[in-house]
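We will go from selection to selection.

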Amino acid sequence: MYSNTGSTFCTVCGAGTYQVSQGSPSCDVCAAGTFISDAGTDSSIHDSLDDCIVCGAGKVLVDAATTASLHDSESDCELCPENTFNADNGVSSTLHDELSDCTACPPGMPGSLDRKVCGVCIKGSGISTGVGASGGCEICKAGYFSDIEDSSPCQPCSPGAFITDDGVSASAHEKCEECNPGSHANAQSGASDCNLCTIGKYQPSSSSTSCLDCDLGKYGETEGLTSPTCTGVCLQGFFCDIASFNATQTQCPADHFCAKGTTAPEICLSSYARTCTKGEGELCDDNTLCLGRQCSGLNLTTVA
């Protein structure tokens with residue numbers, strides 16, 4: 001604790017500071033390599049130099065007790081540079097107070113993301129590759145994963161699987177996600193997302209690389225369909241080819257009859273070879289029913 005000049009009471013030292021003597025006018029800043037995150041709530045963790053916590057493995061804090069705000073949080077401890085490491089896990093502050101405390105990794109042994117060891121990349125990361133690569137560990141990019149701890153590069157997700165995260169969180173790259181039914185990923189490996197099946201298509205299975213066309217006589221008017229029945233069957237008087245997306249996709253040709261959900265227009269008998277001009281359900285001139293604006297003379301008993 002400390003007491004301001006002229007004050008009649010003492011104040012608990014704030015974050016990043018301590019004081020071993022009573023009645024002192026100020027608090028001392030923690031030494032390099034250490035911090036205190038408590039914001040002055042408990043004097044017992046600000047009354048000794050030992051109350052300053054040493055940075056953990058893979059990190060250093062080089063400020064030499066100049067500014068309390070640089071010693072008030074564990075986040076003030078900075079990672080060692082790429083391809084270096086610091087194995088000391090908060091035992092001695094003198095092993096965390098200079099950049100030189102970070103030891104260069106041997107050739108061919110990448111530094112881990114947490115800078116605690118060399119030669120082992122944690123899950124969700126792999127050794128960097130390509131032009132300009134440092135050879136150190138890096139979080140996998142979108143569409144790639146690593147489910148083991150070693151020094152190999154990240155591997156692409158298999159076709160039908162994906163990872164959206166692009167090198168931000170290692171935990172997001174430990175396993176690829178499967179595309180859900182109604183969607184698909186790129187046919188190539190290393191997909192970064194899934195795409196919903198477009199209208200006129202469906203996909204009942206997961207981990208797919210493409211979607212299937214709605215069958216003849218059926219239509220799919222929304223994205224992401226999962227059933228081969230799609231949205232339903234086309235209306236009478238209309239014909240739906242594969243991958244149709246409207247119940248009235250194509251008007252039945254003249255001199256043909258299209259039953260509901262038909263897979264192909266049927267040619268009318270010659271005596272009925274014309275398009276009906278009457279209203280739905282009314283009698284045509286030949287006393288047959290007008291169905292879907294089409295002649296109904298073809299097999300009238302089953303059509304009706």
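**Stop 1: the annotated region.** Keep in mind that this is a predicted model.

**Stop 2: the salt bridge.** How many salt bridges does a search of the whole structure find? The search gives one. Select Asp213 and Lys201 to see the salt bridge, where the closest N and O atoms are 2.4 Å apart. The pair ties together distant parts of the chain, twelve residues apart. Asp213 sits in strand β18 (residues 212-213), and Lys201 in strand β17 (residues 201-202). Asp213 is partly exposed, at 28% relative accessible area. Lys201 is partly exposed too, at 25%.

Stop 3: Move to Asp63, in the loop between β5 (59-60) and β6 (78-79). Is Asp63 buried or exposed? Asp63 is buried, yet has no salt bridge. The nearest side chain of opposite charge belongs to Lys59, 17 Å away. What joins the side chain of Asp63 to that of His71? A polar contact of 2.7 Å does. Show the surroundings next. Beyond residues up to four places away in sequence, Asp63 touches Ala31, Ala32, Leu70 and His71.

**Stop 4: Phe162.** Select Phe162 in strand β13 (residues 161-162). Phe162 counts as buried because its relative accessibility is 12%, below the 20% cut-off. Now display the contacts of Phe162 outside its four-place sequence neighbourhood. Among them are the cysteines Cys157, Cys176, Cys179 and Cys194. The list also includes Glu177, Glu178 and Asp193.

**Stop 5: the nonpolar core.** Which residues make up the largest nonpolar core? Select Phe145, Cys157, Ala161, Ile163 and Cys176, five residues in all. In soluble globular proteins, nonpolar side chains tend to be buried together. Finish on Cys157. Leaving aside neighbours within four places in sequence, Cys157 is in contact with core members Phe145, Ile163 and Cys176. Other contacts of Cys157 include Phe162, Tyr144 and Ser189.

Definitions and conventions: Residues are numbered from 1 along each chain as its sequence is written. This is a predicted model: local features need pLDDT of at least 70, side-chain atom pairs count only at pLDDT 80 or more; totals for chains, interfaces and linings use all residues. Side-chain values use heavy atoms; hydrogens and water are left out. A salt bridge is a side-chain nitrogen of Lys or Arg within 4 Å of a carboxyl oxygen of Asp or Glu. Helices (H or I, at least four residues) and strands (E, at least two) are DSSP runs, numbered from the N terminus. Buried means under 20% relative accessible area, exposed over 50%, partly exposed in between (1.4 Å probe, protein chains only). Lys and Arg count as positive and Asp and Glu as negative; His and the chain ends are not counted. A polar contact is a pair of N or O atoms within 3.5 Å; within protein, one must be able to donate a hydrogen and the other to accept it, and residues adjacent in sequence count only if both atoms are side-chain atoms. Contact means heavy atoms within 4.5 Å. A nonpolar core is a set of buried Ala, Val, Leu, Ile, Met, Phe, Trp, Tyr and Cys residues joined through side-chain atoms within 4.5 Å.
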